[in-house]
Amino acid sequence: DAARRDLTMNALSLETDGVLHDPFGGRADLEAGRVRFVGDPVKRITEDVLRLLRFFRFQAHYGKVPPDDAALSACRTMAPMLESLSAERVRSELLKLLEAPDPVPTLMLMRDLDVLAHFLPEASNIDRLARLLRIESALASVPADPLRRLAAVLRVDSAGVKSIATRLRLSNAERDYLAMSLRLDVAPPLDAAARRRYIYRYGVSAFRDRALLGWADAPEPVDADWRDLLNAADEWQPVVFPLTGADILARHVPRGPDVGALLAAVEDWWIAGDFQADRQACLAKLDQEIKSHR
């Protein structure tokens, strides 16, 4: 059974009485941070091509020494076989790799071996990802997010996002997130009222992630300005629009698209006023909108 495992550290087994079985030196490899295939790397990859990506994922998480030469040679040779894998399996391994404390050296290795070219050639903005990682490490309140890191490393347009979403079978939410990441519209200078409007419209997470990606993309960032933007996300106090569709129906407006249009018009006015208008003021504005609408 151990001989059929992919990596030596995964061939370890333990009996209930605590006896460790280590037929391929996995413990020493694990302690040294050395990622090696069990036996012949080409044979192991041929048995399941996903093991090629698993090698790099384990290297990103556990590798402390230069990668095994035999493994690298096999990965370079077998890389074209990645195109035969299901999208779901590739997506899972990719996101797990990006969760590593610092996936940049491994991604550079995959690029240099032409591994990325066979499943994600758009992952060419590795310098930007490196800057994002430095920002994340400097901000204790920002957890690692593999999807944010994926957005950082991609160099694509909207058509490229659609292509990646199809190729990796991303969920609609993941696809929309990557599309959102193209719009780096959270950046200094952005006054306090504009920040509040943005957070209300799109949410704290979207505001924070666009700021982080924008910061990583900025050629000469002034760190204090970007930190100030992120503080706005941390300090946001949710506000609730004081009207609902029931308020419009109570004024004898027929059910239909007019209800949504009127509600949106008043909400836009309320947002433009920095959320200061109370319910009575919003109802008065609604009455004005109904009169003008008729």
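Which helices do the buried residues of α3 pack against? I opened my notebook with that one.

**Ground rules.** I am working with a predicted model, where local features need pLDDT of at least 70, side-chain atom pairs count only at pLDDT 80 or more, and totals for chains, interfaces and linings use all residues. Residues are numbered from 1 along each chain as its sequence is written, and side-chain values use heavy atoms, with hydrogens and water left out.

**Helix α3.** I found the partners: α2 (41–47), α4 (69–78), α5 (87–98) and α6 (104–112). Helices here are DSSP runs of H or I with at least four residues, numbered from the N terminus. I noted that α3 is largely enclosed by the rest of the structure, because 11 of its 13 residues are buried (under 20% relative accessible area, 1.4 Å probe, protein chains only). Among them are L50, F55, R57 and A60. From first C-alpha to last, α3 reaches 18 Å, close to the 18 Å expected (1.5 Å times one less than its number of residues).

**Residue Q59.** I looked up Q59 in α3, residues 50–62. Q59 counts as buried because its relative accessibility is 9%. Leaving out residues up to four places away in sequence, Q59 touches V35, V65, P67 and T106 (contact means heavy atoms within 4.5 Å).

**Helices α7 and α8.** I then turned to α7 (residues 126–138) and α8 (residues 146–153), which pack at about 140° with axes 7 Å apart; axes are lines fitted to C-alpha atoms over the stretch in contact, and angles run from 0 to 180 degrees between N-to-C directions. In α7, the residues meeting α8 include L129 and L132, and A151 is one of those on the α8 side.

Technical notes:
Helix = DSSP H or I, 4+ residues; strand = E, 2+ residues; numbered from the N terminus. Buried < 20%, exposed > 50% of the residue type's maximum accessible area, 1.4 Å probe, protein only.
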